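Load the model and keep the selection panel open.

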Amino acid sequence: MDKGKKECNWSSWRGQVVDLLHWRDLKQSGLVFGSVLLLLFSLTQFSVVSVIAYLALAVLSATISFRVYKSVLQAVQKTDEGHPFKAYLEVEIALSADQIIKYVDKTQLYINSTMKELRRLFLVQDMVDSIKFAVLMWLLTYVGALFNGLTLLILVVVSMFSVPVVYEKYQTQIDQYLGLVRTQFNSIMGKIREKVPGAKKKE
């Protein structure tokens, strides 16, 4: 029962992310997209410590002002509605032991699989795959020379909120072009496997 409930919660969460990136709710997607971009642009101008401090001050200013406003309003109207954030204070936000174990297990799985894949690439278990990796790293040297980490992160966020929408609208044309590129790429890799010694995959 618990397993089914967890799977349901995961599916629901994943569905919410998909809806967010596809702009199903314009206001919600716009708010998240704008907030993330504002945070990243702030980090390009200020240090991480300063941005965190300013954000904390902004949130505290809003919550304290609202608490004082509600307290004054209750005093004037002579009502006793209690703490204005009572509903949020009572929400359970602690992670259970099972949740922590689950996330740790997933992280361990990703780390182990990444280490195995890097070992395979660096020790040239498959010649063509290692060549692909080398080309990717070579291209990344140019990307790194043009953009810093924050700029790349901003581009990633913009892509996350724009590419799904564009792909959804022009899926047929994009799939057609991607198929042509994949065919050409596989053809080139096939020729490399035939000509480079030791590049052929073992049966």
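Contact here means heavy atoms within 4.5 Å. With that cut-off, residues 24 or more positions apart account for 51% of the contacts in the protein with a separation of 6 or more.

Now colour by confidence. This is a predicted model. Its mean pLDDT is 84, and 90% of the residues reach 70 or more. Select residues 2-21, helix α1: confidence is lowest there, at a mean of 68. Then select residues 97-122, helix α5, where confidence is highest, at 92.

Switch to cartoon. You will find eight helices and zero strands. Along the sequence the pattern reads α-α-α-α-α-α-α-α. The radius of gyration is 25 Å, well over the 17 Å that the globule rule gives for 203 residues, so the protein is more spread out than a compact globule. Along the principal axes, the C-alpha trace spans about 85 × 45 × 40 Å. Colour by accessibility next: buried residues make up 11% of the 203.

Last stop: select residues 26-45, helix α2, together with residues 149-169, helix α7. Their axes come within 10 Å and cross at roughly 170°. Angles over 145 degrees count as roughly antiparallel, so α2 is roughly antiparallel to α7.

Show the side chains at this contact. From α2, pick Ser29, Val32, Phe33, Val36, Leu37, Leu40, Phe41, Leu43 and Thr44. From α7, pick Leu150, Leu153, Ile154, Val157, Val158 and Phe161. Which classes do you see in the contact of α2 with α7? There are 13 nonpolar residues, two polar and no charged ones.

Definitions and conventions:
Residues are numbered from 1 along each chain as its sequence is written. This is a predicted model: local features need pLDDT of at least 70, side-chain atom pairs count only at pLDDT 80 or more; totals for chains, interfaces and linings use all residues. Side-chain values use heavy atoms; hydrogens and water are left out. pLDDT is the predictor's confidence in each residue, from 0 to 100. Helices (H or I, at least four residues) and strands (E, at least two) are DSSP runs, numbered from the N terminus. Axes are lines fitted to C-alpha atoms, for helices over the stretch in contact, and angles run from 0 to 180 degrees between N-to-C directions. Angles under 35 degrees count as roughly parallel, over 145 as roughly antiparallel, 65 to 115 as roughly perpendicular and the rest as oblique. Ala, Val, Leu, Ile, Met, Phe, Trp, Tyr, Cys and Pro count as nonpolar, Asp, Glu, Lys and Arg as charged, and the others, Gly among them, as polar. The radius of gyration is taken over C-alpha atoms; the globule rule is 2.2 Å times the number of residues to the power 0.38. Buried means under 20% relative accessible area, exposed over 50%, partly exposed in between (1.4 Å probe, protein chains only).
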